[in-house]
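Biologist: Can you walk me through this one? I'd like to start with the ligand and then look at a helix.
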Amino acid sequence: MAESATDRLTVENQPTSEGAYRLKGELHHSKDQACGFELTENFERFNQANDIYTRGQWDARIRSDKVINWFKGMFRPGLGARKAEGYSVRDFALRNAGWMGANLTIQRSLKQGRVDAFLDYILPYSDPNPEKIEIESPEVMSEEMKSVSRLFGADAVGITHTDMRWHYTKSFSTKTLAEKPYGIPDGLSNVIVIVTAMNYEAVKTYPSATAGIAVGHGYSKDCELAQNIATYILNLVYRAVACVNDTSLAIPYAIAAGLGEYGRNGLLITKDFGPRVRIGRIHTDLPLVHDQPISFGVREFCDSTCQRCAAACPPKAISFGAPEARIPNQSSIIGIRKWQVDAERCFKFWVNQATECGVCMRVCPYNKDISRWWSRAYYRTWTRLAASPFKRLALKLDVALGFGQRIKPGEFWRRFRSR
Ligand code: SF4
Ligand code: SF4
């Protein structure tokens, strides 16, 4: 396998993307400025074989027995457990139980040589209903799809157009450990983007295996939810393909669908849950209207005031500097000026922990619990302060009030057992 296989994007070979154009030689898109996307002349679509998790399987510089055990630990009881608070058999058990829904989606597809939801889009269970139903208007249908998504458990929903710039050039086969051709069906021009919030209390325990329930259960919910929505659409007569961690880069889609901004920690920062979310997508030919990108001050706050995630990151994988186009290694997309996160450093830390990390998610001031009225009121006031000229005060206040501090996994267990 080539060490870095990427396809150069030209305006000519992205037929389903709307409004792309070149200005002074650089690739632009009508929504890019509002989204905060800064593409440079050398932009290249990303090859999934360069993703750090797939490199963990084929790239001798990343792959090791420890890495293989890291993957196996999701399915094998007790693997990775040790005598340390937050890493006991019980902590790993909670994490692995959280992954069950995602694992069922994967298991169904393995027989067909696929890894649905993580390397391949989720194969639909049926063809579209042959009976046509009447669509009143794209506006009404969009509202309906948002209501249906919330009914099944989405915490936020946005709609945008399919943009091939964010789609992988090639997928990856776990059978051959090499790249494989990839594609989604043609003509699915709209994308419903869903976000689901992860458990706030569990995220507070990062780094730990205990916190893994937040990610595992987040993925499980996402797998089910994306399939719920796709199945609803298929039953209406339209086509739909459900995606989770496969097929395309989720964050640019979520930004274009108006669900948040890009943060220094390399994550989507949503308005209500900050970076504590998982993202799913449903590509469809259902007629829908598109949402507009939003801005609530994250970019400016990360740029001028906050470096909390960079300071807290154990392996120092997050940049303290300004957004840049120079990439740390081949696991980053080429040709976008943004805050870079060194995926090799990050993943090495994960593997040494025998579980994933989310310290940059825990410490982010936009990560708040808004389930109670007073916490929601505080957060709304805080985000306004963070978007005002009093950004430093907002950061100081957040630190002084103890937000972002780790709670011990033992405390997490004590709190939820006593409920
Ligand atoms: S997940 Fe952990 S290691 Fe990776 S960038 Fe965030 S803080 Fe750093
Ligand atoms: S911790 Fe601070 S710098 Fe990092 S993403 Fe959150 S707001 Fe931005």
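Modeller: A residue is near a molecule if one of its heavy atoms lies within 4 Å of it. This is a predicted model, where local features need pLDDT of at least 70, side-chain atom pairs count only at pLDDT 80 or more, and totals for chains, interfaces and linings use all residues. Residues are numbered from 1 along each chain as its sequence is written.

Biologist: Which residues surround ligand 1?

Modeller: Cys313, Pro314, Pro315, Ile318, Cys346, Phe349, Trp350, Cys357, Val359 and Cys360 do.

Biologist: And which elements give two or more residues to that shell?

Modeller: Helix 12 (343–353) and helix 13 (359–362); helix 12 gives the most, with 3 residues. Helices (H or I, at least four residues) and strands (E, at least two) are DSSP runs, numbered from the N terminus.

Biologist: Changing topic, which residues of helix 14 are buried?

Modeller: Ser375, Tyr378, Tyr379, Trp382, Thr383 and Ala386 are buried, buried being under 20% relative accessible area and exposed over 50%, with partly exposed in between (1.4 Å probe, protein chains only). They lie on the same side of helix 14 because they cover an arc of only 130 degrees around the axis, taken from the directions from the helix axis to the C-beta atoms.

Biologist: What is exposed on the other side of helix 14?

Modeller: Trp373, Trp374 and Arg384.

Biologist: And what covers the buried residues?

Modeller: The cover of helix 14 includes strand 9 (268–270), helix 10 (298–304) and helix 15 (391–400), with contact meaning heavy atoms within 4.5 Å.

Definitions and conventions. Chains are lettered from A and ligands numbered from 1 in the order in which they are written. Side-chain values use heavy atoms; hydrogens and water are left out.
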